[in-house]
Amino acid sequence: MSSHSIYHNFIIKAPQKEVYDAVSQPQHLDNWWPLKSSGEPKLGTTYNLNFTDAYDWYGEVVVCEPNNSFHIKMTKSDKDWDPTTFGFDLQEHDQGTYVRFSHVNWPEMNDHLKFSSFCWGMLLNGLKDYLEKGTVIPFENRN
């Protein structure tokens with residue numbers, strides 16, 4: 001069985017620790033991705049990513065290297081997302097932090113994967129604006 005993946009690499013003009021906190025700490029996640037979230041950036045812990053009552057998803061932290069890497073394996077979401085893992089690998093860069101984002105193990109190259117890839121691009125730009133400009137896009141205006 002083959003799987004499919006989404007990748008986005010980009011630079012954020014912010015220190016690596018700030019980027020790590022923004023992708024791993026619920027109080028920051030809520031400013032650029034879910035409506036509300038909970039969890040602790042520790043290996044094996046569960047994160048709740050709530051987008052609406054109908055999209056109240058869960059995942060387990062499977063990679064957690066403070067200030068360097070943070071990945072979540074979805075455990076309760078939908079049939080396309082459940083087998084997937086998304087994550088952030090960070091590296092110092094002369095302009096700030098180089099971000100390597102991945103969302104891997106999609107079971108099918110379907111419309112949902114393609115739409116999710118587009119949404120990730122928009123959301124990751126929101127993450128960049130959040131860290132570089134302090135911009136928080138209201139949840140209802142996020143893809």
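## W32 and F88

In this predicted model, W32 and F88 are both buried. Their rings form an aromatic pair of the edge-to-face kind, with 6.3 Å from centre to centre and 90° between the planes. The pair links distant parts of the chain: W32 sits in the loop between helix 2 (26-29) and strand 2 (36-38), while F88 belongs to strand 6, and the two are 56 residues apart.

## Aromatic pairs and the ring cluster

A pair of aromatic rings is described by how far apart the centres are and by the angle of the planes. The structure holds 15 aromatic pairs. One of them joins Y20 and F70 edge-to-face, at 6.1 Å centre to centre and with 85° between the planes. Y20 lies in helix 1 (residues 16-24) and F70 in strand 5, so this pair ties together parts that are 50 residues apart in sequence. Y20 is buried, with a relative accessible area of 4%. F70 is buried as well, and its relative accessible area is 2%.

Ring pairs also link a cluster made up of W32, W33, F51, Y55, W57, W81, F86, F88, F101, W106 and W120.

## The cavity

Rolling a probe the size of a water molecule over the atoms shows where empty space is left. A search of the whole structure finds one cavity of 30 Å³ or more. The space in the largest cavity is about 30 Å³.

Its lining consists of V23, L29, W33, L49, F70, I72, F86 and F88. F70, paired with Y20, and F88, paired with W32, are thus among the residues that line the largest cavity. W33, F86 and F88 of the lining are also members of the ring cluster. Strand 5 (69-76) and strand 6 (85-93) each supply at least two of the lining residues. By type, the lining divides into eight nonpolar residues, no polar ones and no charged ones.

## H103

H103 is found in strand 7, which covers residues 96-106. The relative accessible area of H103 is 0%; a residue counts as buried under 20%, so H103 is buried.

The side chain of H103 makes a polar contact with the side chain of T84, at 2.8 Å. Leaving aside neighbours within four places in sequence, H103 is in contact with H4, S5, I6, W81, T84, T85, F86 and W120. Among these contacts, W81, F86 and W120 belong to the ring cluster, and F86 also lines the largest cavity.

Notes: Residues are numbered from 1 along each chain as its sequence is written. This is a predicted model: local features need pLDDT of at least 70, side-chain atom pairs count only at pLDDT 80 or more; totals for chains, interfaces and linings use all residues. Side-chain values use heavy atoms; hydrogens and water are left out. On a 1 Å grid over the protein atoms alone, a cavity is a set of points where a 1.4 Å probe fits but cannot get out, and a pocket is an open set with protein on both sides within 12 Å along at least five of seven lines; lining residues have an atom within 4 Å of a point. Grid points are joined across faces, edges and corners, and a volume is the space filled by probe spheres set on the points. Helices (H or I, at least four residues) and strands (E, at least two) are DSSP runs, numbered from the N terminus. Ala, Val, Leu, Ile, Met, Phe, Trp, Tyr, Cys and Pro count as nonpolar, Asp, Glu, Lys and Arg as charged, and the others, Gly among them, as polar. Buried means under 20% relative accessible area, exposed over 50%, partly exposed in between (1.4 Å probe, protein chains only). A polar contact is a pair of N or O atoms within 3.5 Å; within protein, one must be able to donate a hydrogen and the other to accept it, and residues adjacent in sequence count only if both atoms are side-chain atoms. Contact means heavy atoms within 4.5 Å. Rings of Phe, Tyr and Trp (its six-membered ring) pair if their centres lie within 6.5 Å; planes under 30 degrees apart count as stacked, over 60 as edge-to-face and the rest as tilted.
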